[in-house]
Structures are given as structure tokens and as C-alpha cells.
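Hi,

Here is the structure I said I would pass on. Have a look at it first, and then read my notes below.

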Amino acid sequence: WDDHEGYYRVRVGETLDRRYSVFGFTGQGVFSNVVRARDAGSDNALVAIKIIRNNDLMRKTGMKELQMLKRLNEADKEDRFHCLRLRRDFEHKGHLCMVFEHLGMNLRELLQKYGRDVGLHLSAVHSYSKQLLLALRHLKKCQIIHSDIKPDNILVDENKTTLKLCDFGSALDISETSEGPTPYLVSRFYRAPEIILGVKVDYGIDLWSVAVTIFEIFTGKILFPGKTNNDMMKLFCELKGRFPKKVAKSGAFRQSYFDDQYNLLHVVKDKVTEKEKLVVLKNVTVERDLLRELIGKQQNLSPTEHRKVGQLRDLLDRALTLDPAKRIGIGEALRHAFIVESLNSA
Ligand code: ATP
Ligand code: MG
Ligand code: MG
């Protein structure tokens, strides 16, 4: 049944748990493959089934994901806060399976289909931003940090108006954040500076990932495409300037990133010898203009749209504050002009 990596080899036409007939595939992740099916036990409703790989670590992660989903769904009985709905779970030939409501594409796929290199329309970005922030507020209320927010883990429904956050496989209970630094938490491009530095994390890491995601769906470009954690640090400084000393000091990994004066250290590869060496970046200057990047190639912005893009810039700027203690809070972000003022108002 399984391939050599523990994925369940599922066939179209197969019936799982005597009620779900599989008719297609939707995605494959590191932890699972996900199929589309009809539920004979519920008026042939469409469902998505995440079939966890058959290995101890993945099963354990899957059990934790189940627990997180139940907590989030339980606290949101009316389904208002944009977290994926779990219908039930079962075992199939040694695989843990989770049955979800069926959704359409993820935001990565949506971006590839409709917004290659240019991004999505401002009105879509406006609506998705608000929905993502509502999801974050709900997570916080449930004392959960998602810690893997990125376009791949955000799904939209068939008509693309409603989104849902998915993949709670890396989610943390807030109490787990005192267990010590994990520098590879969150996919690299979406990883907040405090993770890289080894500062205790908080709900703010999800807000950082959301801000990076919003930039990406609006522009079609990855905001911080670093190849290493060291690279990421340099990219942060190109947008934000010198790293605040107070934050740098509190990081468990500070010695990997700063010299004694808290100048940023950057690893470069010698072109000839290919040997890595450290250079000290003393005079860090801001090289990027967020507003200009947001406007990008978009022409003919109406005055209202122009104003909204300015507001978006301000929101992203605050959410991307290097010092997590000074970063905008989720509640405040939800009250920000970009979110509350409609696109139609003159
Ligand atoms: P990762 O490698 O990111 O940890 P994973 O194995 O934990 O992945 P998910 O991210 O939960 O799996 O799901 C993989 C993909 O399957 C998603 O990116 C999405 O495209 C698709 N998918 C998941 N759930 C659904 C759903 N309910 N409806 C439609 N598609 C879904
Ligand atoms: Mg995923
Ligand atoms: Mg996952």
C-alpha cells in the first residue's frame, strides 16, 4: 500500500473507511498526501482527506494537528474565523486520515494562475488580509501559534471569496514557546527575525508571516527570498536598516550574526576558492522602498487605490517591525485604516 517513503499509494475510485470514494488528488506535502473524495455517509458531500505518512514522527505530528484543529473548531462553532474545518478522522491501513471540508486552490496556486509576476487585484488582497487577521485573532484567543503560514497553507473556496488557514501540523501551544529556540521554525521566506536570532517567540511570528504573504500576493514577488538564515538577516536590514541592539542582544544565536559592536556579519563565498568568509556590514543603509515596490508595474491606479496602497504600505511596515515587542498587535492591525476603510469609499 505504501511507497518506500511511507506515503499511502491511493487510487482514484478507491473507497476509504467504507464511505469516502476518492476521485482526485489535490496536493502532496512533506507529511501527507491529500485527496478529493465524496462522502457517501453525508449526501455525497465533497471532502478533502489528508492521509498522513506512515511513520512515527509524522503520525505524532498528525495527532497534534488533530488536537489543534479540534480546539480551533470547537471555539468557533459558527465558522466565522477562517480556520479549516475538520469533519472527523479515522485510521486506514496504518495511516492517520483527517477529513476536511473541501476547498479549491491554495494561494500559491491562485497566484500562479491569475497573478504571475503581477499579483492579485487590490480588492482581493484587501479582503484576504482581513480574513487572515481574523484567523490570527482566533488563534491567539485559543493560545495557538500556527508557525507555518505561507501561501501554500492558505486555501480559497470555489468562488475565491473566502479563505481558510490550513496545515496546523507545526502549530504550537503558547506554553511550548518556552522550550528553547528552534531556528528553523516556519518556512524560511516567511520566518520572523526573532526565530532566526533565537529570541523567545510569540504570536507575532504569525503576523510577520502574514505580512510577508500579503506583500507576495499583491506584488507576485517574494519579499525576502533568502537562501540561508544569514541571508534573511541581510535582507531584513536592507528594508529596515540597522538591527535594534536590544533585540540583537537578547538572541541566543547573536554570535552567529553580529560582531562585538552589533554590526551584522554576512557570509560571502569567495568566487575563486569557494570558501566562505565573514564580512562585517558596518554602514547598513535602507536600500528598498516598500511603497515603490507595492506600486510596482501597476498603472492607472485611481486616487482611492493609491491611497489604499499607501495604507497597505503602512500596515506592512508596522507588521514587519524587527523588534517583536514593538510590532503592531493583531487587534490593532484589524483596526488599521487599510483593513477598516472600504475600497469603494471616495
Ligand atoms: P507541508 O509539507 O506544508 O507540511 P502537509 O503534508 O502538512 O504539507 P497540507 O499543507 O495540510 O499538508 O496539505 C497539502 C496541500 O493539500 C495544501 O497545500 C493544499 O493545496 C491541499 N489541501 C489541503 N487541505 C485541503 C482542503 N481541505 N481542500 C483542498 N485542498 C487541500
Ligand atoms: Mg502545507
Ligand atoms: Mg504541514
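Predicted model: local features only at pLDDT ≥ 70, side-chain atom pairs only at ≥ 80, totals over all residues.

An unreviewed UniProt entry puts the feature "domain: Protein kinase" at residues 20-339.

Next, ligand 1. It has 21 residues around it, and Gly27, Gly29, Phe31, Ala48 and Asp167 are the closest. Strand 2 (20-28), strand 3 (32-39), strand 4 (45-52) and strand 6 (95-101) each give two or more residues to this shell. Sorted by class, the shell holds 9 nonpolar, 8 polar and 4 charged residues.

Now for the helices. Helix 3 (residues 122-141) packs against helix 5 (residues 204-219) at about 165°, and their axes are 11 Å apart. Because angles over 145 degrees count that way, the two helices are roughly antiparallel. Their crossing is right-handed. Helix 3 brings Val125, Tyr128, Ser129, Leu132, Leu136 and Leu139 to the contact, while helix 5 brings Asp206, Leu207, Val210, Ile214, Ile217 and Phe218. That contact comes to 10 nonpolar residues, 1 polar and 1 charged.

Cheers

Technical notes:
Residues numbered from 1 in each chain as written. Chains lettered and ligands numbered in written order. Axes fitted to C-alpha atoms, helices over the stretch in contact; angles between N-to-C directions. Helix = DSSP H or I, 4+ residues; strand = E, 2+ residues; numbered from the N terminus. Parallel < 35°, antiparallel > 145°, perpendicular 65-115°, else oblique. Left-handed = near helix turned anticlockwise from the far one by under 90°. Contact = placed C-beta atoms within 7 Å. Nonpolar A, V, L, I, M, F, W, Y, C, P; charged D, E, K, R; others polar. UniProt positions renumbered as here; feature names shortened; annotations may be inferred. Near = placed C-beta within 6 Å.
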